[in-house]
Amino acid sequence: MSPEAVREDRTPDLSELSPRRGYLLALIVLVGSLLLVFTAWRAARERELRSAEAEFISKTAEVTELLRQGMTKYELVARGGVSMFASVTRPRPSPAQWQAYVDGMDLQRRFPGMVGLGFAEFVPATRLADLQLEWRDAGHGLLEIWPRGQRRDYGPILYLEPKTPANVGAIGFDMYSEPVRQAAMVQAMETGNATLSGPVHLIQDGSLRSTGILLYLPVYRGGGRPATLANRRADMQGWVYVPVRMEGFVRNALGALRNDSQFRVIDVSAGERLLYATYAPADRPPPAFRHSSAFELYGRHWRVDFESPPVAQAAPRLQGLQNLLALGLFSSLLLYAIAWMLARTEAQAYRIAVRMTEDYRRSELRFRSAMRYSAIGKALLDSEGHIVEANPALANIVGLTPEALVGKRFDTLFESDEPELIAYGHGTTDAQGVHRATRRLHREGGDPRQAQLTYAPVPGNVGQDIVGLVQVEDVTERLRAEARVHALNRTLEARVALRTRELSQANQELEAFAYSVSHDLRAPLRAIDGFSRILIERHSAGMDENGSGYLVRVRRAAGRMGELIDALLKMSRVSRSELRLERVDLSRLAGEVIEELRVSDSRRQVEVDIQPELFVIGDAPLLRNLLGNLLGNAWKFTRDRLDARIEFGAVMGEQGLEYFVRDNGAGFSQAYVDKLFRPFQRLHHNDDFAGHGIGLASVKRIVERHGGTIRAEGEVGKGATFWFTLPREKLAE
């Protein structure tokens, strides 16, 4: 049967096509597309609402955090007032000193919600008359305590700046006589911490309807914070306090933050007391979302109830979804129309098939042209590896004519003792069956050449034995160029090795230079210290108190510089010293370090718990340095605790045995944990806990030199824990 007969036999009979099937398909398309559009629109709407709610909650978290930070700023201002009491030799700073400090803070401009900064004296009834006489003798006039009445203790306001008429009128008011204020004052006195009061009506506001709160910071005689409750009550001098109007505080805390939500601030420490509420018109539409955020602030529990704008404003993109829904419905109708039209055009399939046949013929012609005029050698192979057809480019590469190549085994064109099909030769084959290999080509009448072969399986026509197409590309010159590049790379590698040795030598010289410079710095430091000491000893009579103080500061700074140089040298030795690995008993080293600490500070009673038989492989001097720093820090930072406790032990974690040093001392904020192991980075003031900021940096270098890791956990006032890993001992059988 001829190809034309076959084509006619396969031509579809248009009379057999039923238009009802096309119309039914169009109806199915309409129903399915409508369901899909409604489902997608509903899912998108829910997703948009969830996204808008998440954005609303994130804004509420930002508002809450700004309120926290705003009150923290007020505390810092009050802390400055507390520091004034510790810095003067008199029982309290003078009114002029207090006024100068407050004027310097510029409270009314920087903190609009802060009515002022004041001080209230803690006065037992037995000392009330003495206080009034002392106040009058100091030239401050008559101190009238109000409201009148006999009470066991008093807390009259002595200082309140700035001196606005309302603040001046509040002088002498006994805040201890009012229960809400008294509760906050007692809590601040007994805990030693800043404490907020519940909502009150500020004395300065008179008949105005406004809500206020007060922030109290205790002041103890001697400037410190007594360790026990009894001592705190006995040493109580008074309170530095900040009267705050809630409306001004909230406005100042939020600043320029754009917030379209309505919210209320409620004190829930004992019942629910409204502190602040934003204005909301009575005809305001219902909010799209509601959210409450509760937090603790200086001894009080606050809750902020947020209400978002209406749905149209809270999720403005919902309107766009409505438009998309309309577009989806239109698209569904359009698909239905298209399907209906397809049912009418089904009869055109035959003409399309004819056109596709013509396209196939032209595609075959393009393939033949590509074979004939390609600059890359190409050949069609049969199932036995014989050449069925070859283009002129391949004939030119092998030095034969295209006609002479037809019928030859493709393998015979290459220099190889073992005949092999190109599809199974050496090289790589990808997932599509395309094989690539490089072989040595024998060229008639010329030198052998290197050829890059690419074999791809291709189907032939029905009844035609064609299984693959192979491309042959002469890559001799390219391989030679690659060889030259490899030689150049080897030269570059040698140069890199040379530069590495030079860099290592430079680093050694740099370390030696740093060591020499640090030693050379000692000579001028000794001169500064020595001559300063001579000036103090021999010529102090000729200097005033300020001059002597300056020389003392010079000597102290010189000593501090010497200590820093020693610390630098110590850390440098930790980094440079050679590791001498041996079996080390960490428990024994820890016991020796604790014993040395007890001898150096025999007055302290510290409970120490050391887990026995903790062995590692490491450098004994470096590991002793590590434990000395960690245990020394634990000993130092538990100084102010009567129930001081230090633990050293190990637990099995996910990555193996992990060692720890734990204490219940001053601790630190986890937010600053990244600064702990940096040189000269300290989280505590040098006047509170002496140090150079080098110890933990040395600990980190020692652990890392042993191939371990170190991390820290802490909480202010509750202690710290340092975790580290070291190589474990491998016991011999």
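Trainee: Why does Leu-35 count as exposed?

Mentor: In this predicted model, Leu-35 has a relative accessibility of 56%, and since the word exposed is kept for values over 50%, Leu-35 therefore counts as exposed. Leu-35 lies in helix 2.

Trainee: What makes Leu-35 part of a nonpolar patch on the surface?

Mentor: A patch takes residues with over 30% relative accessible area, and nonpolar side chains such as Leu are joined within 5 Å; Leu-35, at 56%, is over that limit, and Leu-35 is listed in the patch together with Tyr-23, Leu-24, Leu-27, Ile-28, Val-31, Tyr-336, Trp-340 and Met-341. Together these residues have about 870 Å² of accessible area.

Trainee: Which helix gives the most to the nonpolar patch?

Mentor: Helix 2 does, with 6 residues, while helix 2 (19-87) and helix 11 (318-344) each supply at least two.

Trainee: What makes Phe-249 in helix 9 a buried residue?

Mentor: Buried means under 20% relative accessible area, and Phe-249 is listed as buried in helix 9 (residues 246-254), as are Met-246, Gly-248, Val-250, Ala-253 and Leu-254. Helix 9 is followed by Gly-255, which has a positive phi near 60°.

Trainee: How do you know that strand 12 and strand 13 pair?

Mentor: Pairing asks for at least two bridges, and strand 12 (residues 377-381) and strand 13 (residues 387-390) have 3 bridges in the antiparallel sense, with Leu-380 standing opposite Glu-389 in strand 13. The two strands form a hairpin with 5 residues between them, and in the turn Gly-385 has a positive phi of about 90°.

Technical notes
Residues numbered from 1 in each chain as written. Predicted model: local features only at pLDDT ≥ 70, side-chain atom pairs only at ≥ 80, totals over all residues. Heavy atoms only, no water. Helix = DSSP H or I, 4+ residues; strand = E, 2+ residues; numbered from the N terminus. Buried < 20%, exposed > 50% of the residue type's maximum accessible area, 1.4 Å probe, protein only. Patch = residues over 30% accessible without salt bridge, like charges linked within 9 Å, V, L, I, M, F, W, Y side chains within 5 Å. Areas by Shrake-Rupley, 256 points an atom, 1.4 Å probe, with all protein chains shown as cover. Salt bridge = Lys/Arg side-chain N within 4 Å of Asp/Glu carboxyl O.
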